[in-house]
Amino acid sequence: MPARGVLFDIKRFAVHDGPGVRTTLFLKGCPLRCRWCHNPEGMAAGPELAYYSQKCRHCGECVTVCPQGAHRWVDDGHVYEREQCHACGQCAAACLGRALKGFGREVSVEEARQIVLEDRDFYRDGGGVTVSGGEPLLQPGFCAALFAVLKRDRVGCAVDTSGAVAWESFEAVLPYTDVFLYDVKHVDDAPHRCWVGASCERALGNLRTLSTREAPIEVRVPLIPGFNLDEPSLQAIGRFLSGLRNIVGVRLLPYHPSSSKYEAIGKADPMAGAELPSAEQVTAATDIMRGFGLRVT
Ligand code: SF4
Ligand code: SF4
């Protein structure tokens with residue numbers, strides 16, 4: 001049976017997801033639980049419904065169409081009972097206020113190919129498709145099959161990964177991948193387990209192996225206050241990266257909040273109230289990476 005993928009979002013004309021202008025496909029499901037995650041709607045493997053209460057026009061369409069009775073009216077207004085919801089998406093299709101949005105749609109390789117080819121006129125200067133997430137390499141068969149057909153269409157292919165997957169998933173996409181965007185969050189296992197919910201060993205081990213292959217790697221380092229923004233943590237990351245081959249650049253990604261996304265899917269933001277990195281801290285992090293001979297992009 002041909003591979004199928006589960007997408008939760010599509011970003012067109014992306015300019016920070018690899019070279020050139022890109023179409024980014026966000027694949028659902030992630031093995032990690034980073035406290036600062038900017039795409040919490042991509043964590044769970046299954047479909048989910050988000051409800052943006054500020055956009056609700058109180059038209060009542062969702063109450064009418066929902067087969068589960070998950071929407072209802074009370075004196076204070078509209079109530080959405082998440083526990084009753086089976087994420088069928090019918091209410092999101094009926095909602096004129098765009099207050100409801102389904103995350104998680106199964107697509108065939110050919111459907112995904114057509115989504116990407118809509119933007120092919122913009123893929124100059126090495127642009128193309130980026131698979132992101134969630135963790136795209138939890139769906140390696142789909143990614144590999146999609147890349148294989150897009151390569152025949154002369155579309156560039158990039159993988160944005162946390163690296164916390166079986167090495168075999170990398171092997172599946174390596175023949176077609178022009179560049180990897182690879183997260184390195186910390187190189188110390190204790191804080192990594194505490195803030196990410198898993199050991200960093202698998203991701204770092206896969207990065208070591210990947211760096212012995214030919215594909216260029218752009219490393220992404222999130223700058224998270226209280227986690228890795230201190231000088232020893234950044235020095236350790238810089239030292240680790242400086243010992244690897246094929247690292248073409250390091251992109252530092254200062255923390256920014258995503259509280260409204262958490263609220264929409266009925267979750268508490270683990271970083272609520274956290275301070276943002278200051279300009280001085282970002283500059284200091286940049287200097288540390290450059291001090292190890294790394295190119296900060
Ligand atoms: S259909 Fe949308 S706008 Fe209308 S009541 Fe339901 S959530 Fe609100
Ligand atoms: S997604 Fe389906 S089950 Fe869930 S609230 Fe909407 S209509 Fe009801």
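**Rings, charges and a ligand shell**

Let's start with a charge over a ring. The charged end of Lys 55 is placed over the ring of Tyr 52, 5.3 Å from the ring's centre. Keep in mind that this is a predicted model. Arg 35 gives us another case: its charged end sits over the ring of Trp 195, 4.2 Å from the centre.

Now, ring against ring. How many aromatic pairs does a search of the whole structure find? Nine. Take Phe 8 and Phe 26. Their pair is tilted, with 5.7 Å centre to centre and 50° between the planes. Phe 8 belongs to strand β1, residues 4-14, and Phe 26 to strand β2, residues 22-27, so this pair ties together parts 18 residues apart in sequence. Both Phe 8 and Phe 26 are buried.

Next, Phe 13 and Phe 122. Ring centres are 4.8 Å apart and the planes stand at 80°; that is over 60, so the pair is edge-to-face. Phe 13 is in strand β1, while Phe 122 is in the loop between α3 (109-117) and β8 (128-133), so the parts tied together are 109 residues apart in sequence. Buried or partly exposed? Phe 13 is partly exposed, at 44% relative accessibility. Phe 122 is partly exposed too, at 39%.

There is also a cluster. Trp 167, Phe 170, Phe 180 and Tyr 182 make up one aromatic cluster.

Last, the ligand. Which residues surround ligand 1? Cys 56, Arg 57, His 58, Cys 59, Gly 60, Glu 61 and Cys 62, then His 78, Cys 95, Ala 99 and Leu 100. By class, that shell has six nonpolar, three polar and two charged residues.

How values were computed:
Residues numbered from 1 in each chain as written. Chains lettered and ligands numbered in written order. Predicted model: local features only at pLDDT ≥ 70, side-chain atom pairs only at ≥ 80, totals over all residues. Heavy atoms only, no water. Near = heavy atom within 4 Å. Nonpolar A, V, L, I, M, F, W, Y, C, P; charged D, E, K, R; others polar. Phe/Tyr/Trp six-rings, centres within 6.5 Å; stacked < 30°, edge-to-face > 60°. Helix = DSSP H or I, 4+ residues; strand = E, 2+ residues; numbered from the N terminus. Buried < 20%, exposed > 50% of the residue type's maximum accessible area, 1.4 Å probe, protein only. Lys NZ or Arg CZ within 6 Å of the ring centre and 35° of its normal.
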